[in-house]
Amino acid sequence: MDKNCINGYRAELVDYRRDFHMHPEIGFDVVRTSRRIVELLSQWDVEIEKGFCKTAIIATVKGTKPGGVIGLRADMDALAIVDLKEVEYHSRNAGYCHACGHDVHMTWALGVLKYFSSHRDELKGTLKVVFQPAEEGPAPGGAKPIVESGRVDDIDIMLGCHTHPDFPAGKVYLRRNEMFASADNFNIVIRGTGGHVAYPHQCRDAMMTAVEVYSAFLNIVSRELNPIKSAILSVCFFNSGTPKAPNVIQPVVTFGGSVRSFDNDVRDYIFERMEKILKNHCEMNGCTYELKVEPISIALRNEDALVDLFEDACQEIVGKENIIYMQEPEMAYDDFAYFSKKIRSSYFYIGTTKQEDLGKFTFHQTLFDVDEDCLCLGVQILVNVINKVADTFEL
């Protein structure tokens with residue numbers, strides 16, 4: 001690998017990242033973003049596949065040496081968050097912000113493609129980079145339909161890489177086996193019959209019923225699950241009524257939230273119990289209900305042999321002292337898990353924050369930013385990982 005060549009990309013990579021950062025888009029509607037990526041890819045000798053899964057793109061580079069197919073995922077979507085940074089590259093799209101580093105992921109991927117398009121003699125086999133919309137949602141996210149489209153069926157090993165704002169540029173954060181939880185969102189509507197606060201006996205109180213249901217939900221994790229089996233059931237919104245009508249018993253309550261788990265049986269049990277609790281409490285109080293579940297992602301597990309190889313490849317770039325292992329899996333999710341279910345895969349973090357900014361923000365916060373020194377470094381790490389994977393495994 002020619003590190004000096006990649007270091008020479010710095011100005012371009014900064015421009016790519018800042019352009020993406022100034023024009024964030026969300027969900028599958030990353031129209032400008034995907035168009036910009038295609039414009040850049042068209043400058044290099046890269047095969048481009050587009051027009052599927054709304055805004056997804058696959059860019060392919062073939063090396064001069066025989067080998068298998070290695071995949072790299074780069075998510076494109078931003079978040080519906082206000083950008084409060086006072087920098088020249090702050091978001092121009094009101095209410096949207098790249099507050100999870102996907103602008104960096106795209107930049108890394110473009111740097112990798114630019115490098116291998118001019119260094120095919122280094123590449124053993126084929127590299128396919130998947131530019132994915134909707135990692136942050138809406139359900140079912142972008143990875144699942146891409147996998148179901150069949151366009152990644154030929155990939156032998158899939159790589160995922162993410163920024164980490166809690167670590168400085170130059171640190172690499174790894175995890176063997178179980179890494180992220182599954183994620184499902186739920187929305188509930190409870191309907192009763194409203195009425196005058198003075199005549200509650202003439203009503204079927206949806207609010208009271210919803211409060212009972214909420215309380216019973218909390219017991220599922222705390223009292224029904226084996227404590228060894230980690231899970232989260234959180235109600236994150238609860239809506240009914242208005243301060244302008246304090247004497248009205250409302251006929252409808254809506255509430256919802258998220259369920260996280262590492263175990264599919266636990267996940268299924270939680271939703272079975274939610275359904276039963278809703279049914280029993282609503283019948284008891286003369287109400288009706290609707291429960292809508294939106295699966296977002298399955299649990300993500302890494303292949304240990306790949307993690308070991310990542311460690312070796314990353315050490316060559318950042319040094320052994322800058323390799324850190326996650327001690328526990330996290331209740332976060334990433335729909336990269338759909339790739340890992342079908343393809344041998346592994347996923348890791350690269351630290352991306354300036355030393356002086358550590359602790360000022362983390363994922364999904366309005367001040368999220370990166371140390372742009374991480375751009376060339378990330379490309380070097382990914383190029384070395386890809387070469388190590390191609391050289392080590394029989395693909």
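Q: Which residue stands opposite Pro-168 in β16?

A: Thr-353 stands opposite Pro-168 there. Before we go on: this is a predicted model, where local features need pLDDT of at least 70 and side-chain atom pairs count only at pLDDT 80 or more, while totals for chains, interfaces and linings use all residues. Residues are numbered from 1 along each chain as its sequence is written, and side-chain values use heavy atoms, with hydrogens and water left out.

Q: How do I read strand pairing, and which strands pair with β16?

A: Strands (E, at least two residues) and helices (H or I, at least four) are DSSP runs, numbered from the N terminus, and two strands pair if DSSP finds at least two bridges between them. Strand β5 (residues 157-168) pairs with β16 in the parallel sense over 9 bridges. Strand β6 (residues 172-174) pairs with β16 in the antiparallel sense, over 2 bridges.

Q: How many residues of β16 are buried?

A: Buried means under 20% relative accessible area, exposed over 50%, partly exposed in between (1.4 Å probe, protein chains only). In β16 (residues 344-353), 9 of the 10 residues are buried, so to speak "mostly covered".

Q: And what about β2: how is that strand placed, and what does it pair with?

A: In a regular strand the side chains alternate between the two faces of the sheet. Strand β2 (residues 56-62) has 6 of its 7 residues buried, so it is largely enclosed by the rest of the structure. Strand β1 (residues 47-52) runs antiparallel to β2 and is joined to it by 5 bridges, with Ile-48 opposite Ala-59. The two form a hairpin with 3 residues between them, and Cys-53 in the turn has a positive phi of about 45°. Strand β4 (residues 124-132) also pairs with β2 in the antiparallel sense, over 6 bridges; there, Lys-128 is the bridge partner of Thr-60.

Q: How do I check a helix, say α7: what span should I expect?

A: The expected span is 1.5 Å times one less than the number of residues. Helix α7 (residues 264-285) has 22 residues and should span 32 Å; its end C-alpha atoms are 32 Å apart, which agrees.

Q: Which residues of α7 are buried, and which are exposed?

A: An α-helix has 3.6 residues a turn, so residues three or four places apart point the same way. In α7 the buried residues are Val-266, Ile-270, Phe-271, Met-274, Ile-277, Leu-278, His-281, Cys-282 and Asn-285. Looking down the axis of α7, these fall within an arc of 135° (taken from the directions from the helix axis to the C-beta atoms), so they line one face of the helix. Asp-265, Glu-272, Glu-283 and Met-284 are exposed, on the face turned away from the buried side.

Q: What covers the buried side of α7?

A: The cover, counted by contact (heavy atoms within 4.5 Å), includes β8 (182-191), α6 (206-224), β10 (231-239), β12 (252-261) and β13 (288-297). From α6, Thr-209 is in contact with His-281, Cys-282 and Asn-285, among others. Thr-209 is buried, with a relative accessible area of 0%.

Q: What happens at the two ends of α7?

A: At the start, a side-chain oxygen of Asp-263 reaches to within 2.7 Å of the backbone nitrogen of Asp-265. Just after the helix, Gly-286 takes a positive phi of about 75°.

Q: Which residues touch the most other members of the largest nonpolar core?

A: In soluble globular proteins, nonpolar side chains tend to be buried together. A nonpolar core here is a set of buried Ala, Val, Leu, Ile, Met, Phe, Trp, Tyr and Cys residues joined through side-chain atoms within 4.5 Å. Of the 71 residues in the largest one, Leu-41, Phe-131, Phe-348, Ile-381 and Val-389 touch the most other members. Its largest share, 12 residues, comes from helix α10 (residues 373-392). Apart from this core lies another, of 25 residues, among them Ala-56, Ile-58, Val-147 and Leu-300.

Q: How many residues of α10 are buried?

A: 16 of its 20 residues are buried, so α10 is largely enclosed by the rest of the structure.

Conventions:
A polar contact is a pair of N or O atoms within 3.5 Å; within protein, one must be able to donate a hydrogen and the other to accept it, and residues adjacent in sequence count only if both atoms are side-chain atoms.
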